[in-house]
Amino acid sequence: MKHFGKKVEYSTSNRKKKDFKNHSRSAARSILDLYLHMRFLIGCTLVSIGICVSTSGGSWDITNHLLNKPETFFSAPHAILYSGVALAMLGSAVMFQGWRQHSSAGQHYYTKPKISIILVLSGIAMLVVAGPIDFSWHSAFGLDGLLSPPHFILLTGMIASSTGSMLGINLCINRDAGSRDKEGGESDLMRTRQRKQISHILTIISVMPVWISLDGLIGMFSLPFSNTQYFHFNPDASVAAVLATIAYPFLISLILCLSFRLGTKRFGILSVIGAIYLMINIITVIIPNESLILTLPFYLVNIIPIIIADTLLSVLDNKFYSICFAGAIVGSIFLMIQYPLITHIYNEVFTKQPVWPSLTSSIYFGMISKIYPLIIGPAIAMGMVGAIVGYKIGHRITSID
Amino acid sequence: MTIHFFSSNTRTFILAVGVGISLAFYFLLSIYIFPNMYRGLPKLKPIPVISNVTIYPSIVHLGKTFDFNVVAENAGDNADIQIISIAFPNMTHLDGLVGIKRSDFTQKPVFIKVGDKVGSDYVGEESPINARYASLEFFSRPWHSTVIHHLQLQIRPEIVGKFVIFLKAIALPHLNDFAHYPRRGIKDFQNEFVSVYSLRVA
């Protein structure tokens with residue numbers, strides 16, 4: 001018995017040791033898992049911030065071309081643009097390493113973000129290729145137009161990588177939310193609140209570059225800035241006006257409703273994203289042109305319909321008509337949100353005056369009352385379609401666990 | 001627990017009224033009040049002035065060079081572009097004959113030879129015509145109010161006799177008669193006023 005008793009004693013301590021080992025192993029694994037998860041998330045966030053910086057630099061570059069006609073590749077907007085690209089490259093490296101280590105550790109969960117990795121890496125590859133091509137293009141042909149092969153590659157790369165990082169960030173947020181749900185009441189309320197706040201900030205960071213880069217794509221195929229000494233890439237004036245009338249309201253509604261859906265349908269995220277977009281436009285397009293500074297109040301009031309759309313969506317939660325109505329409101333203000341660059345598009349069709357930087361506002365305000373009745377119908381319709389599509393995409397992304 | 005002070009219908013009604021009023025206020029501002037306010041704003045009036053011109057020496061021997069100095073300013077509001085055009089009616093090209101010794105303009109100058117497209121009637125590229133003689137265009141984009149720019153050329157005339165130089169300044173957008181310099185006198189083939197300078201080549 002004594003012997004048996006001793007054996008029992010021995011086996012109990014052995015089990016304790018084993019339990020301790022198992023516990024420490026699982027704790028170490030969960031710390032490693034958290035570390036790699038964080039690494040992937042940080043990588044995605046850096047890519048999104050990088051693309052946001054570089055698209056904002058691109059927007060400033062357009063303004064700089066209009067105002068100063070820079071004659072070399074080395075300009076301040078280009079420096080901002082390519083610093084953003086460098087940051088996105090760093091983010092993609094961090095993201096890729098995090099994902100690879102997770103995959104090799106047998107975390108099958110991380111097969112889902114594969115699409116985001118593919119998009120980010122292919123986008124970054126395009127950005128890397130576009131830089132030297134852009135430099136050579138400047139050297140060979142001097143001042144380049146908005147639509148040119150290097151610019152198109154650059155913008156496609158931005159769209160791909162920002163979409164990839166948006167997916168990556170939101171998949172991480174979903175996973176985090178899923179694990180929080182499993183924890184249930186055990187988790188601390190403060191911590192949960194903090195996590196939610198961080199996830200909302202990440203949602204905003206993830207959506208912004210997608211909006212600005214897609215905005216740039218529409219501008220590239222509609223703004224008449226692409227005729228140069230060697231190439232005439234300007235789009236047909238009527239086609240450009242139709243494209244702008246259809247695409248801008250669709251994109252604005254799509255992005256704002258997508259962000260509302262990704263931000264767990266809470267009031268505020270749509271408004272913050274709208275406000276950031278307005279701020280970026282103010283800093284990169286309006287303030288550099290001194291003659292437009294007086295028109296800042298006109299531009300700032302655009303936050304009113306954005307807040308209204310946000311209120312409608314959050315109060316009348318998930319109702320089809322609230323999505324349509326919010327989309328219609330947001331779509332109907334595209335002519336004001338796209339000020340002042342949209343002046344160049346409609347001027348080609350309606351007034352055909354030379355749009356000098358100092359005359360932009362007088363031409364815009366001279367034609368707004370004539371144009372608005374013509375574009376309001378398609379703008380509302382496309383706004384509604386954009387809102388529905390955005391909401392559905394958001395639902396699709398948030399339902400991936 | 002959320003406490004509601006109103007019934008569901010009342011809340012919807014309040015929301016609808018709030019949204020309606022806010023949207024009406026927004027569209028009133030954006031489509032009517034602000035456009036009317038901004039349309040009434042005065043347009044910028046840049047005033048280009050050529051404040052000093054010097055030619056040294058006043059007589060030059062064939063094969064030798066002389067210096068042509070210009071000081072120009074904008075005495076009015078900011079100009080989107082202001083151009084200083086120096087034309088040489090005795091020359092068909094500038095290669096090896098005109099050199100830039102000094103220039104503090106923000107853009108690179110444009111060398112124009114016979115047959116190149118140039119603007120006319122003070123509307124720039126809106127009304128292009130072919131150049132009849134060689135010229136050189138210096139410009140800054142933008143040219144801010146009260147800013148002064150300098151340029152110094154070294155010119156080597158090709159033939160003996162009177163060597164003529166046409167000089168003019170244009171601010172764009174050209175909205176009134178103050179946007180060009182000189183404001184009267186001789187007109188060149190571009191239908192724009194020019195100041196005439198000359199020296200003897202011996």
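How many residue pairs are in polar contact across the interface of chain A and chain B? The rule finds eight, counting pairs with both residues at pLDDT 80 or more.

## The model and its confidence

Welcome to a predicted model of a two-chain complex. For the complex, the predictor gives an ipTM of 0.86 and a pTM of 0.87. Chain B has a mean pLDDT of 90, with 97% of its residues at 70 or more.

## Where the chains meet

Let us look at the interface from both sides. Chain A brings 36 residues into contact with 30 residues of chain B. Between them the two chains bury about 2,800 Å², and 71% of that area is on carbon and sulfur atoms.

On the side of chain A that touches chain B, the elements giving two or more residues are helix H1 (2-68), helix H8 (296-300), helix H9 (303-315), helix H10 (320-332) and helix H13 (360-398) of chain A. Sorted by class, this side of chain A has 24 nonpolar, nine polar and three charged residues. The number of salt bridges between chain A and chain B is zero, while the polar contacts across the interface come to eight residue pairs.

## The form of chain B

In terms of secondary structure, chain B has one helix and 14 strands. How far does the C-alpha trace of chain B span along its principal axes? The spans are about 100 × 35 × 25 Å.

The radius of gyration tells a related story: chain B has 27 Å, whereas a compact globule of 202 residues would have a value near 17 Å.

## Backbone details to check

In chain A, the peptide bond from Tyr339(A) to Pro340(A) is cis, with omega near 5°. Pro340(A) sits in the loop between helix H11 (334-337) and helix H12 (342-347) of chain A. In the loop between H12 and H13 of chain A you will find Lys352(A). Although Lys352(A) is not a glycine, it has a positive phi of about 50°.

Chain B has a cis peptide bond too, running from Tyr181(B) to Pro182(B) with omega near -5°.

Notes
Residues numbered from 1 in each chain as written. Chains lettered and ligands numbered in written order. Predicted model: local features only at pLDDT ≥ 70, side-chain atom pairs only at ≥ 80, totals over all residues. Heavy atoms only, no water. Contact = heavy atoms within 4.5 Å. Buried area = accessible area lost by both parts, 1.4 Å probe. Salt bridge = Lys/Arg side-chain N within 4 Å of Asp/Glu carboxyl O. Polar contact = N/O pair within 3.5 Å; in protein donor to acceptor, adjacent residues only side chain to side chain. Helix = DSSP H or I, 4+ residues; strand = E, 2+ residues; numbered from the N terminus. Nonpolar A, V, L, I, M, F, W, Y, C, P; charged D, E, K, R; others polar. pLDDT = per-residue confidence, 0-100. Rg over C-alpha atoms; globule rule 2.2 N^0.38 Å.
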